[in-house]
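Biologist: Can you walk me through this one? I'd like to start with the overall layout and then get to the details.

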Amino acid sequence: MLSQLEELRERALHDLEAATTVESLEQWRLAYLGRRGQLTTVLRGLGQLSPEERPAVGRVANTIKNALEQAYEERAETLRQAALAEELERGALDVRLPGRPQRLGYLHPSTQTLREIYAIFAQMGFQVLRSGEVEDDATNFQLLNLPPDHPARDMWSTFYLNQPGLLLRTHTSPGQIHAMRRFHPEPIRVILPGKCYRYEQVTQRHEFQFYQVEGLAIGYNITMADLKGTLVHFARQMFGAERRLRFRPSYFPFTEPSAEADMDCIICEGQGCPLCKYTGWLEILGCGMVHPTVLRNGGYDPDVYSGFAFGMGPERITMLKHGIADIRSFFANDLRFLQQFG
Ligand code: PHE
């Protein structure tokens, strides 16, 4: 019996060597230590031994049982470690590789110009005020001194919404009404940026959608000199300290007097070239002193207050700054164009 047990121990340990997978290890456990395993069978047979033999054989059998159980645990642990090592090997991540760089986006050229404009006017105390792209006829036209039958409306044909009286704003000038009604009777210094729309034949120089930046200053004793000084400062900040402006009389229903401001050509400096069509001047904005009727519509008494307003097209300004020939590029979403401003 004892030699039988010894032989069992040896066989078991020998077989264990061959158990290199979780499955074969489990088979080994069932074969030796399981309820029907060989060692269990021997232990069960102890009852048939004589009382003298039983204690010695029993002790040896228990020692073997413990030894096999311990060997089994060690083997199982070895297999677990091997599986883990293999797992780590398979999912290996080489942390020494340089990371993949994040591709950063950048601002659209119109946005870049808008921010430059905000910064320049901020130096002069103008804050940014926004209003919606959908306007009503009253604010876009009538309160700006353009009654329904006014011939100047021809210049501002636009897109109309199904709901009567609503339209896409044709200029940022309705923002003047919003600003005045919001701030009166306080003095005002705001710029009003945003998208505008016109029913327009689209060409290199005309889009049906475009940005404008409107400016509005209202206070006591504001004169045309303030308007000119403000715009000259803007032009010099934007295009260089040598720039000169020329104010040509013009007409807008909401300003009186009205003017168009031209800047000396940034290419030829006034000598005449294709960009300025050999005039030496580039038209950059419309402006004027706020019409008394418009002041009144905004809640300001024209006998007490005066003000100036102007409106410029930031795409046109960006075109001048960067020599862009076609205004349609701004809305074409062509990366070859956009990436040049990264
Ligand atoms: N709203 C005018 C336009 O769209 C520009 C302008 C603004 C003129 C303010 C005078 C004063 O052409």
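Modeller: Domain bounds here come from an automatic or database domain assignment. That assignment gives domain 1 (2-90) and domain 2 (109-341). This is a predicted model, where local features need pLDDT of at least 70, side-chain atom pairs count only at pLDDT 80 or more, and totals for chains, interfaces and linings use all residues. Residues are numbered from 1 along each chain as its sequence is written, and side-chain values use heavy atoms, with hydrogens and water left out.

Biologist: What separates the centres of domain 1 and domain 2?

Modeller: The two centres, taken over C-alpha atoms, are 93 Å apart.

Biologist: At what angle do H2 and H4 pack?

Modeller: Helix H2 (residues 22-32) packs against H4 at about 170°, and the axes are 11 Å apart. Helices are DSSP runs of H or I with at least four residues, strands are runs of E with at least two, and both are numbered from the N terminus. The axes are lines fitted to C-alpha atoms, for helices over the stretch in contact, with angles running from 0 to 180 degrees between N-to-C directions.

Biologist: So what do you call that arrangement of H2 and H4?

Modeller: H2 and H4 are roughly antiparallel. Angles over 145 degrees count as that, under 35 as roughly parallel, 65 to 115 as roughly perpendicular, and the rest as oblique.

Biologist: Which residues meet there, in H2 and H4?

Modeller: From H2, Val-22, Leu-25, Glu-26, Trp-28 and Arg-29; from H4, Leu-68, Tyr-72, Arg-75, Ala-76 and Leu-79. Contact means heavy atoms within 4.5 Å. By class, this contact has seven nonpolar, no polar and three charged residues. Ala, Val, Leu, Ile, Met, Phe, Trp, Tyr, Cys and Pro count as nonpolar, Asp, Glu, Lys and Arg as charged, and the others, Gly among them, as polar.

Biologist: And how do H8 and H10 pack?

Modeller: Helix H8 (residues 224-239) and helix H10 (residues 314-322) have axes 11 Å apart, at an angle of about 45°. H8 is therefore oblique to H10. Phe-234, Met-238 and Phe-239 of H8 make the contact with Ile-317, Leu-320 and Lys-321 of H10. Five of these residues are nonpolar, none polar and one charged.

Biologist: Changing topic. How many salt bridges are there?

Modeller: The whole structure has 16 salt bridges. Each needs a side-chain nitrogen of Lys or Arg within 4 Å of a carboxyl oxygen of Asp or Glu.

Biologist: Where do Arg-9 and Glu-6 lie?

Modeller: Both are in helix H1 (residues 2-18), three residues apart, about one turn of the helix.

Biologist: What about Asp-326, buried or exposed?

Modeller: Asp-326 counts as buried, at 17% relative accessibility. Buried means under 20% relative accessible area, exposed over 50%, and partly exposed in between (1.4 Å probe, protein chains only). Asp-326 forms a salt bridge with Arg-328, where the closest N and O atoms are 2.8 Å apart. Arg-328 is partly exposed at 33%. Elsewhere, salt bridges that share partners join Arg-246, Arg-248, Asp-262 and Glu-283 into one network.

Biologist: Last one: where is Gln-142 found?

Modeller: Gln-142 sits in the loop between helix H6 (137-140) and strand E3 (166-168). With 36% relative accessibility, Gln-142 is partly exposed. Not counting residues up to four places away in sequence, Gln-142 touches Asp-137, Pro-147, Pro-148, Arg-153 and Asn-297.
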